[in-house]
Amino acid sequence: MEEEDTRDYSEPCVQCSVINWGLTDEGRFYCKSCHNVIERTKEVLTSDVVPNAKIQSISRGFRKRKKIDKGWEWYVCEGFQYILKKQAEALQTLGVCPQMKDEILCNFWRLYLQKSKQAYCTTPASYTSKALSISDISTDVDSEPERINIHGLSSFSESDGDLQTESSFGHVSSIGKTSARETTSVCSGSIDGDSYLLKRKKGNLRMSMPMTLSFCYIALLWLREPVTLSDLLRFVKDGHIPYLNAFQYFPEEMKLYGADLKIFRVESWPVYEDVHNKMSELSAFLDLPCFPAITDSCFLHPNILCIKYLMEANLPDELHNWTCRVVKKINVGETDFLTLDPMNKSARKVKYDVLAAAIIIVVLKLLFLLDDQYEWLHANIAGKRNQKNKEGCLWFDFKKWYKVIKKSVDVEQKKLDEERARYLWKCEKPLFYSAKEKSVVLKKRQMVVNLQRQFGTLSGSIQVAEKQSPSSFQLNWAEENTDGNCFHGHVLEGVLQEKGNSLTTMNTKYWLCSVKLCNEKVPASLIHEEVCLIEHKLFKTKLHRK
């Protein structure tokens, strides 16, 4: 209807010179490109009163939009479903296995809805007096369905015909699509937003924005994808996975108001330990079986992760032999230790990336002591030797490596800080609660964008480049790109000595982080805590003697 009404008007917009007109709810023309509203109104010819009279007219389409003003009936869990869908699609764009969204993540989500009695049960729980009804995520709420089968993941899409492809994470409830909530205020938001923030019942796990990342992580872990939790959080902070202001992906008819903003709007970056702890709680809440085994050929195995981190830290390749020896010595490479088993309450939930980084630190301490003296003394010897013998294999110079890595890290950190400073915490998609406000809000938003662009041009500020696809490596140390500052091929001469048929360290001392492990009352950094645990396993006998 709108296209027919604006078809005959072919004048370009005075602001952006684009011919793309639409009609506001008052019948005035506005540019769909820049949202500029002009004085022209819709002309309607009628012969009922005065022939060829020009009148202001409101089309039948406006009366339809009047219902959309009030928004659809929707529940908080439907909002999280939209966010999970978008996050899964973003991960697929980054190269994650396609079955992650439609089979694994969706299956976990259905199981969560069933366990929390929001769907897939005889009497869905309701946060209000009404019963919760979600048509596109529950095929039949009148009968008690069987528990979601986690073991049959391969046949998941085939067994549920109504939730495929647009599929598993479909659109919101058809309740709101067919009939608007006439008795509810325009600014009401979700049905259960207020009650959702009330104190949860014991044993019930409430959804939150960090929990969406926990859902994604357990799906990645189930598939044994080459993505660590730190990688996932980095993709979030770089904007490749929706998290901050993720509610802007909601349909226009899903109005956010009041308590909804407290639930879906976050004003801080996700914290590693928070997401990891919620992942552990979630896997236990869902009663998931033992996850697929983490073997020595999996990306998450410490031997493989250590290779990645040694390359990224620009450390000698020979260090990998020592990391493997430490992994074997303390038995952290065993499948039973690495594989997540939610049913085993006493088992430790492994932080794979933190474990690998801690192992490398322990190896560096074994070889170079890292007491702020020994490593510099050896660096002086290695530097003098490398100046005299430039043709053979170079000795690893700790001092030179430190200067190179610190310079590169400082440059990257500066870029990161500048990006964070420029980050717009406000939602790019303006929020409005009625169709009457839409044109005004959009026009104000466009004015702000234009002013920012003009100010940027006048001040000579650099335009932010388009986002590039993320890489598994943040630093590149290839020989041809580092002007001879790549240390991968350097040897560990001067710190090792032969003893029998094996090599051992010339350094006989070790600088222990702590004699006693930190308790829960004394919070420690993740890396420090992991290093202490490794050290206590490595020197268990000597510590007991003391």
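Guide: Here is a walk along one stretch of the chain, followed by a few stops elsewhere for context.

This is a predicted model, in which local features need pLDDT of at least 70, side-chain atom pairs count only at pLDDT 80 or more, and totals for chains, interfaces and linings use all residues. Residues are numbered from 1 along each chain as its sequence is written, and side-chain values use heavy atoms, leaving out hydrogens and water.

The whole chain comes first. The protein chain has 20 helices and five strands, both taken as DSSP runs numbered from the N terminus (helices are H or I, at least four residues; strands are E, at least two). There are 546 residues in the protein chain, and 47% of them count as buried. Buried here means under 20% relative accessible area, exposed means over 50%, and partly exposed lies in between (1.4 Å probe, protein chains only). Among contacts in the protein chain with a separation of 6 or more, 71% join residues 24 or more positions apart; a contact is heavy atoms within 4.5 Å.

Now to the part itself, the stretch that runs from helix 12 to helix 15. Helix 12 covers residues 302-312 and helix 15 covers residues 352-368, and the two pack with their axes 9 Å apart at an angle of about 65°. The axes are lines fitted to C-alpha atoms over the stretch in contact, with angles from 0 to 180 degrees between N-to-C directions. Helix 12 is therefore roughly perpendicular to helix 15 (under 35 degrees is roughly parallel, over 145 roughly antiparallel, 65 to 115 roughly perpendicular, the rest oblique). On the helix 12 side, the residues that meet helix 15 are Pro302, Leu305, Cys306, Tyr309 and Leu310. Their partners in helix 15 are Tyr352, Asp353, Leu355, Ala356, Ala357, Ile359 and Ile360.

Although Asn314 is not a glycine, its phi is positive, at about 60°. Asn314 counts as buried because its relative accessibility is 0%.

Next comes Thr339, in the loop that joins helix 14 (335-338) to helix 15. With a relative accessible area of 11%, Thr339 is buried. The side chain of Thr339 reaches back to the backbone nitrogen of Ile294, at 3.0 Å. Beyond its neighbours within four places in sequence, Thr339 is in contact with Cys290, Phe291, Pro292, Ala293 and Ile294.

For context, here is another helix pair. Helix 3 (residues 76-93) and helix 8 (residues 209-223) have axes 10 Å apart and pack at an angle of about 45°, so helix 3 and helix 8 are oblique to each other. Helix 3 brings Phe80, Ile83, Leu84, Gln87 and Leu91 to that contact, while helix 8 brings Met209, Thr212, Leu213, Phe215, Cys216 and Leu220.

Lys115 belongs to helix 4 (residues 99-115) and is partly exposed, with a relative accessible area of 30%. Setting aside residues up to four places away in sequence, Lys115 touches Phe285, Leu286 and Asp287. Lys115 and Asp287 are 172 residues apart in sequence, yet their C-alpha atoms are 9.3 Å apart.

Ser195 is in helix 7 (residues 193-196), and a relative accessible area of 16% makes Ser195 buried. A polar atom of the Ser195 side chain lies 3.2 Å from the backbone oxygen of Asp192.

Finally, Cys16 is in the loop between helix 1 (2-6) and strand 1 (21-23) and counts as partly exposed, at 27% relative accessibility. Not counting residues up to four places away in sequence, Cys16 touches Cys31, Ser33 and Cys34. From Cys16 to Cys34 the C-alpha to C-alpha distance is 6.7 Å, at 18 residues apart in sequence.

Terms used: Polar contact = N/O pair within 3.5 Å; in protein donor to acceptor, adjacent residues only side chain to side chain.
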